[in-house]
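Let's take a friendly walk through this model together, one region at a time. Please keep the viewer open as you read.

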Amino acid sequence: MGNNLVAMYLSIINLAPNFKALEYTYTILDSDATSNLQLQHYLEEYGDFSCAAMAKDSTEGINSILKFSPDVVFINLNENAQEYFQMVMELHQYVTDLPVIIGIAKSKNYAYDAIKNGFFDYWLMPYNEFDIRKSLLRLRKQIPAKAEPDTLCLKSYSDFQYIDTNDILYLKADNNATEFVMKDGTVNNAFKTLKTFENQLPKNFVRIHQSYIVNTDYISRISYGKSVCTLKHNKMQLPFSKSYRSNIDGLKQILSKNTISSLN
């Protein structure tokens, strides 16, 4: 009886007891490509840190934070530190819970302001591997990563349909409804717009077009020349548009991290 009452109040997403591996997503705000790559190198050693986005300044930074909702944000304060502190203050207007913020600088000049702005930690450059390890272990202990639900509940009046997000190939807009195209060829319909699901699905789902959100686990090829993504199943091709080019660039970077490159 209790379960039925809970189900009645579910609207779109049901946090079912099926979960993916724990993982922290992060965004780097840094105009220095060298330090950016160094930081990514250190974070790769931990396995449970996944890059959501990178930004070169505070304007790009606040946009990527609001867009990708990373768990951790790393900010290089060596340039325009006060601008970044202002950005952190501005974030309070848009989000209830700020991400964990770690400041990076060549000196201690900005440490006091970082503390005032609620930064979790402050790292000095050049990077010290031991300090990074201690900081990230403290992060794991104090702020455990949240498991992402991988079961989606589609509600239609008194009907509740539960589908495994791992079986979804892509979502397609159909006027004010959304089609969920599954890897077994079936199609499930939801009477909600594509926008409704954009920020509700696990992070491996990326919007690439006004009409498409794709499960990145099934992408086998990205063609910038043809502006299409090819899926592993049936070599199906989905178009991506210029307005979502930044999503494609971020997706390419994430997929390339765990591949053997043949580029010269």
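Predicted model: local features only at pLDDT ≥ 70, side-chain atom pairs only at ≥ 80, totals over all residues.

**A guided walk through the model**

S227 sits in the loop that links β13 (219–223) to β14 (228–231). S227 has a phi near 55 degrees, a positive value in a residue that is not glycine. Its relative accessibility is 29%, so S227 counts as partly exposed. S69 belongs to the loop between α3 and β3. With 48% relative accessibility, S69 counts as partly exposed.

Now zoom out for the overall picture. The protein chain contains eight helices and 15 strands. It has 264 residues, and 44% of them count as buried. If you take the contacts between residues at least 6 apart in sequence, 58% join residues at least 24 apart.

Next, turn to the open sheet. Five strands make it up, paired in parallel and arranged in the order β2-β1-β3-β4-β5. The edge positions belong to β2 (49–55) and β5 (121–124); each has a single partner strand, so one side of each lacks a neighbour in the sheet. From one strand to the next, the twist averages 20 degrees.

How is β1 held on its two sides? Let's take the pairings in turn. β1 and β2 run parallel and are joined by six bridges, and Y24 stands opposite F49 of β2. Strand β1 (residues 24–29) also runs parallel to strand β3 (residues 72–76), with four bridges joining the two. Here L29 has I75 in β3 as its bridge partner.

Six of its six residues are buried, so β1 is largely enclosed by the rest of the structure. In a regular strand, side chains alternate between the two faces of the sheet. In β1 both faces are covered: Y24, Y26 and I28 are buried on one side, and T25, T27 and L29 are buried on the other.

Which helices lie against this sheet? Helix α3 (residues 58–68) lies across β1, β2 and β3, and runs at about 140 degrees to β2. Helix α6 (residues 129–142) packs on the sheet too, touching β1, β2, β3, β4 (100–105) and β5, and its direction makes about 165 degrees with that of β5. A cis peptide bond joins M125 to P126, with omega at about 0 degrees.

Helix α3 has a helical partner as well. Two packed helices are described by the angle between their axes and the distance between the axes. For α3 and helix α4 (residues 81–91), the angle is about 30 degrees and the axes are 10 Å apart. Angles under 35 degrees count as roughly parallel, and that makes α3 roughly parallel to α4. The crossing of α3 past α4 is right-handed. To see the contact itself, select S58, G61, I62, I65 and L66 in α3, which meet E83, Y84, M87, E90 and L91 in α4. The residues of this contact divide into six nonpolar, two polar and two charged.

Further along the chain, look at strand β9 (residues 177–182). Five of its six residues are buried, so β9 is largely enclosed by the rest of the structure. Strand β8 (residues 168–174) runs antiparallel to β9, and six bridges join them. Within this pairing, L171 stands opposite F180 of β9. The two strands form a hairpin with two residues between them, and N175 in the turn has a positive phi of about 55 degrees. β9 is also joined to strand β10 (residues 187–190) by four bridges, again in antiparallel fashion. T178 has A190 in β10 as its bridge partner. The hairpin of β9 and β10 has four residues between the strands, and G185 there takes a positive phi near 95 degrees.

Our last stop is L201, in the loop between α7 (194–198) and β11 (205–209). Is L201 buried or exposed? Its relative accessibility is 9%, so L201 counts as buried. Leaving aside residues up to four places away in sequence, L201 touches L152, T165, L171 and I213. L201 and N215 are 14 residues apart in sequence, and their C-alpha atoms are 9.6 Å apart in space.

How values were computed
Residues numbered from 1 in each chain as written. Heavy atoms only, no water. Pairing = 2+ DSSP bridges. Axes fitted to C-alpha atoms, helices over the stretch in contact; angles between N-to-C directions. Contact = heavy atoms within 4.5 Å. Parallel < 35°, antiparallel > 145°, perpendicular 65-115°, else oblique. Left-handed = near helix turned anticlockwise from the far one by under 90°. Nonpolar A, V, L, I, M, F, W, Y, C, P; charged D, E, K, R; others polar. Buried < 20%, exposed > 50% of the residue type's maximum accessible area, 1.4 Å probe, protein only.
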